[in-house]
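Grab a pencil and have a look at the model below. Then try the exercises.

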Amino acid sequence: MQTLDAFEFRNQGRRPAMYAALGLGMGLTYVNHRLDAPLLAWVLVSCLLAVALHALAFNRAAGLRLGRGRLEVFDGAQRRNLALARISGAELGRRSCLLHFTDGSRLALPRAALPPSSRLAEELRNCGVPVRHGTMRATMPVLARR
């Protein structure tokens, strides 16, 4: 029986801080109710609760899955399936990854979907993808000063 190892990295949108914000908002709602707080206090608490509930309800996740000859990258509702045979190399920066394809095109992976660069480099090398470190130029546009 052949076993296929797959590497998966997932970055969840739900964080402990969001649950703490939800608890804080509920506590402040109780305090507002007991103290008969002014309208401004209710508006502020409502905004805090709305942000916390939105983050918890929609749980935007990002990550990547590597295995079975494919690289799947997902960021929220956006998904991409890439064949490893089409990838000719990867350039890894501190928190960036640029994939080069055999047809000459390039693709920058979303920052939220990336594991630590040392781990990503190891997994890509295990799949036969050549990796270069620290050669990638900044992918963020630089704003001109006036």
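How many aromatic pairs does the structure hold? Pairing needs ring centres of Phe, Tyr or Trp (its six-membered ring) within 6.5 Å. Go through the rings and you end up with zero aromatic pairs.

Before going on: this is a predicted model, where local features need pLDDT of at least 70, side-chain atom pairs count only at pLDDT 80 or more, and totals for chains, interfaces and linings use all residues. Residues are numbered from 1 along each chain as its sequence is written, and side-chain values use heavy atoms, leaving out hydrogens and water.

**Exercise: charges and rings.** Find which ring the charged end of Arg 79 sits over.
Step 1: the test is NZ of Lys or CZ of Arg within 6 Å of the ring centre and within 35 degrees of the ring normal.
Step 2: Arg 79 sits over Phe 74, 4.9 Å from the ring's centre.
Step 3: likewise, Arg 86 has its charged end over the ring of Phe 101, 4.8 Å from the centre.

Note on methods:
Phe/Tyr/Trp six-rings, centres within 6.5 Å; stacked < 30°, edge-to-face > 60°.
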